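User: Please take a close look at a single part of this structure. I am new to it and would value a connected account.

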Amino acid sequence: LAVPAGDAERARELPKQTLVRDLADISRQLQAFVHVNRKAVEQHENFAEQLKDLERRMAEIDAGEASITQALERVDEQKETAILQTLERVNEHFQDVFAEVVPGGMGKLQVLREQDGDAAVGSQGPAAGSGGLTGV
């Protein structure tokens, strides 16, 4: 602790007994602050730094979550496209086979999409993982 130059000069002029009494008074006043956390400022700085690190990590995790969500959406779109393309090819072969089995007959596979959580009337319901598609 530093004492301003003017205060130091005034203290030199005071009698020693007055200085000792003032020192004792100030020491008693300081005892009131004995329970004060002297490291509070340092701890606050440490916690503030930890908070910044945690906020940065949270931002990284949020960005990762958004990236994963986008990837899942792309995979779902690709899956549905692949299923529909496969069903289209199966329908073509089904029509050829049906025409051979039933001369003059015509057969067709039709894909129905589930709407508002209800499967199409008369269907068996979608197979697990089929994205709400049913066939008749």
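Analyst: Apart from neighbours within four places in sequence, asparagine 91 has contacts with Lys108 and Leu109, where contact means heavy atoms within 4.5 Å. The model is predicted, so local features need pLDDT of at least 70 and side-chain atom pairs count only at pLDDT 80 or more, while totals for chains, interfaces and linings use all residues. Residues are numbered from 1 along each chain as its sequence is written, and side-chain values use heavy atoms, with hydrogens and water left out.

Asparagine 91 lies in helix H3; helices (H or I) are DSSP runs of at least four residues, numbered from the N terminus. Asparagine 91 counts as buried because its relative accessibility is 8%, buried being under 20% relative accessible area, exposed over 50% and partly exposed in between, with a 1.4 Å probe and protein chains only.

Phenylalanine 98 also belongs to helix H3. At 27% relative accessibility, phenylalanine 98 is classed as partly exposed. Leaving aside neighbours within four places in sequence, phenylalanine 98 is in contact with Gly105, Met106 and Gly107. Between phenylalanine 98 and lysine 108 there are 8.5 Å in space, C-alpha to C-alpha, and the two are 10 residues apart in sequence.

Glutamate 100 is likewise placed in helix H3, which covers residues 40–101. With a relative accessible area of 66%, glutamate 100 is exposed.

Conventions
Helix = DSSP H or I, 4+ residues; strand = E, 2+ residues; numbered from the N terminus.
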